[in-house]
Amino acid sequence: MSEPTIESILQEKRSFPPSLEFSQKAHVKSLEDYQQLYDQAQANPQKFWADLAQQELHWFQKWDQVMDWQPPFAKWFVGGKINISYNCLDRHLTTWRRNKAALIWEGEPGDSRTLTYAQLHREVSQMANVFKQLGVQKGDRVGIYMPMIPEAAIAMLACARIGAAHTVVFGGFSSEALKDRLVDAAAKLVVTADGGWRKDAIVPLKEQVDKSLANNGAPTVENVLVVERTKQGIQMEPGRDHWWHDLQAGASADCPAEPMDAEDLLFILYTSGTTGKPKGVVHTTGGYNLYTHMTLKWAFDIQDTDVYWCTADVGWITGHSYIVYGPLSNGATTLMYEGAPRASNPGCFWDVVEKYGVNIFYTAPTAIRAFIKMGEEHPNARNLSSLRLLGTVGEPINPEAWMWYHRVIGGERCPIVDTWWQTETGGFMITPLPGATPTKPGSATRPFPGIIADVVDLEGNPVADNQGGYLVVKHPWPGMLRTVYGNPERFRRTYWEHIPPKDGQYLYFAGDGARKDEDGYFWVMGRVDDVINVAGHRLGTMEVESALVSHPAVAEAAVVGKPDEVKGEEVCAFVTLEGSYSASEELKQDLKQHVVKEIGAIARPGEIRFTEAMPKTRSGKIMRRLLRNLASGQEVAGDTSTLEDRSVLDKLRGGS
């Protein structure tokens, strides 16, 4: 593993303070308020989190101990009894929120549905009873392989209600990847649909489930529960397969929430793109409930009148924490959309914002760059005035994309909450609080109160301001992963042994390179394996990508290292052009010179390849591993089950 140090840094000096109007109405109203919360948490983290747990959540029984830290294993709210389904549903039924919209759903073909808190509670309780009828008990695992429909959230909440752990497998995964996860979790039940809509086509989900279970592929699975969504013909195996609507029709809506120990398993989520044995990230109940609740409340300043939309899929941690659990625990209105921007409807996201008067919009930098490529005419043709806050997640956002998002989507009035976090962290770790934190394009700003983060070298020593290093967290937090499912040694090795404990203090290693500026703002450079070593100079790929995207011809760029006999590596850039520009040798040279101007000669791309599209996962992340294979002339290797469009790879092999 090479150490990320930056010789040249794109100097981003722009700063955007919150408006007085936004700050006055916000939960956290000023930088002084943030600092006070941060200082309180640092001085006495256990009291800080315990006070919030008592104020914000319903407990059947209070804990005996706030935190039990046996490095690297943590327990929070030991002895406390809680149920996250109760906190997301039941406690709102005794308030005016009973008849408030809990979940708004828009299907890709244009169908829609709204469930109030009372209606959602009823359906979750019915399905919890159905799960019991199918033999699911407290402590069992349930696989969920679903499109973006309300039943996905209902199934998750039904599991939590009876104390069964769910493992949601993204609907874009192959049958083989699904089987691996069902086997590792020893799932007893699979919940799926006949199919889902994706870019005007049907994704045959039940067919994939059948393949994964064929020849006793996942021997612990006893039943399959199927939602009728796309109505194409599917095979139903008698005795094993059941229609959701048939069993729901006969189910009682009376199912009290099971009091769960705070450290009982809530879910396993397998990290995407896994090769070999899947890595199941374990989250438990009490700490995760508190952490998703507080991070959404403060970082997205969630208000009772908001319509909140996170565009992620429930198959990812973003969907778990910030479509389902965080919003519903706060009594918010959360929106789910089955569709995606596509050739037949490039403005569909803006149609949804306009139709439902969305106030908070949370999406990925990759999606933002795709919007830029599609053109401003699509958002400009819709009324986006309901938006009051924008968010970004998934990878570092380059400053020019940030500025476009701010100007075109936010109308220069909406704070942008750029969040850094991971499947493993459960919730936001570094993020602005929009009423308090001045934002800088490309920076996730400062740690959330209660998070002690730093940038260090390989020995664990803090590096100087604006020096590249490793992003670490120095103290446990309630939302942290507890282990890797069935493999505590892998947990220890992956997250806690890269950087040795310093003075007895264990450092959580995030796997990301970062720098911290003179204002204490964090700039995440991306994964440490996204660092290119050019003649002994280490360059963050994000840095070169930002330089390329700042050129008016470039809509999107992905940069990887290509082996070079002389330099060790050289920069290879894959570039997608804005609609009015054409690929040419002259433009290649212009782009190379632009990078030199922005960063320096050391960062000059040795090769630029123009492409109409990037190889991306279905959640929108560029698969740079595949680009590294292509750049070095190797065969594409490893797991490609998350690749959205395989034809992109074939076109890229030809180069340009």
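The dialogue below takes up a helix pair, a hairpin, a salt bridge and a sheet.

Tutor: This is a predicted model, in which local features need pLDDT of at least 70 and side-chain atom pairs count only at pLDDT 80 or more, while totals for chains, interfaces and linings use all residues. Residues are numbered from 1 along each chain as its sequence is written, and side-chain values use heavy atoms, with hydrogens and water left out.

Student: At what angle do the axes of helix α7 and helix α8 cross?

Tutor: Helices (H or I, at least four residues) and strands (E, at least two) are DSSP runs, numbered from the N terminus. Axes are lines fitted to C-alpha atoms, for helices over the stretch in contact, and angles run from 0 to 180 degrees between N-to-C directions. Here α7 (residues 175-185) and α8 (residues 205-213) cross at roughly 60°, their axes coming within 8 Å. The two are therefore oblique to each other; angles under 35 degrees count as roughly parallel, over 145 as roughly antiparallel, 65 to 115 as roughly perpendicular and the rest as oblique.

Student: Which residues of α7 and α8 meet?

Tutor: Contact means heavy atoms within 4.5 Å. From α7, S175, L178, K179 and L182 meet Q208, V209, K211, S212 and L213 of α8.

Student: How do strands β4 and β5 run, and how many bridges join them?

Tutor: Two strands pair if DSSP finds at least two bridges between them. Strands β4 (residues 101-106) and β5 (residues 112-116) run antiparallel and are joined by five bridges. E106 has S112 in β5 as its bridge partner. Their hairpin has five residues between the strands, and G110 takes a positive phi near 110° there.

Student: Which residue forms a salt bridge with D301?

Tutor: Side chains of opposite charge can pair when their charged atoms come close. A salt bridge is a side-chain nitrogen of Lys or Arg within 4 Å of a carboxyl oxygen of Asp or Glu. D301 pairs with R388, with 3.4 Å between the closest N and O atoms. This pair links distant parts of the chain, 87 residues apart. The whole structure holds 41 salt bridges.

Student: What is the strand order in the open sheet of three strands?

Tutor: The order is β27-β28-β29, with mixed pairing. The edge strands, β27 (554-564) and β29 (607-610), each pair on one side only. From one strand to the next, the twist averages 25°. Strand β28 (residues 568-577) runs parallel to β29, and four bridges join them. Helix α18 (residues 585-598) packs on this sheet and touches β27, β28 and β29.
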